[in-house]
Amino acid sequence: MTVTMPESKHEEDLVTKLQDLKYEYRPEIRDRATLEANFRNRFVALTRVKLMNFE
């Protein structure tokens, strides 16, 4: 008999492993637009390079 874990347990395990690697869990990032905005803000802060919008 094969025992399976619910998907939510796999997700929790992944988040825990990433936190162990010093990644920060950001529950407010729930969609691609928020993820991209966060990336842009972090990139600009680290590199002082302003990214252009091509939309």
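**Briefing: a two-helix chain**

Tyr23 sits in the loop between helix H1 (7-20) and helix H2 (32-47); helices here are DSSP runs of H or I with at least four residues, strands are runs of E with at least two, and both are numbered from the N terminus. The model is predicted, so local features need pLDDT of at least 70 and side-chain atom pairs count only at pLDDT 80 or more, while totals for chains, interfaces and linings use all residues. Residues are numbered from 1 along each chain as its sequence is written, and side-chain values use heavy atoms, with hydrogens and water left out.

**Overall form**
- The chain has 2 helices and 0 strands.
- Its radius of gyration is 16 Å, well over the 10 Å that the globule rule gives for 55 residues, so the chain is more spread out than a compact globule. The radius is taken over C-alpha atoms, and the rule is 2.2 Å times the number of residues to the power 0.38.
- Along the principal axes, the C-alpha atoms fill a box of roughly 55 × 25 × 15 Å.
- The C-alpha atoms of Asp20 and Asp31 are separated by 23 Å, with the two residues 11 apart along the chain.
- Leu46 and Lys17 are 25 Å apart, C-alpha to C-alpha, and 29 residues apart in sequence.

**Surface and charge**
- Of the 55 residues, 2% count as buried (buried is under 20% relative accessible area, exposed over 50%, partly exposed in between, with a 1.4 Å probe and protein chains only).
- The accessible surface comes to about 5,800 Å², and 57% of that belongs to carbon and sulfur atoms (Shrake-Rupley method, 1.4 Å probe; for residues, only the protein chains shown count as cover).
- There are 10 positive and 10 negative side chains, and the centres of the two sets lie 8 Å apart. Lys and Arg count as positive, Asp and Glu as negative, and His and the chain ends are not counted; each charge is placed at NZ of Lys, CZ of Arg, CG of Asp or CD of Glu.

**Exposed residues in the helices**
- Asp20 belongs to helix H1 and is exposed, at 57% relative accessibility.
- Leu46 belongs to helix H2 and is exposed, at 74% relative accessibility.

**Exposed residues outside the helices**
- Tyr23 has a relative accessible area of 55% and is exposed.
- Lys22 lies in the loop between H1 and H2, has a relative accessible area of 74% and is exposed. Its phi is near 75°, a positive value in a residue other than glycine.
- Arg48 lies in the segment after H2 and is exposed, with a relative accessible area of 77%. Phi of Arg48 is also positive, near 60°.
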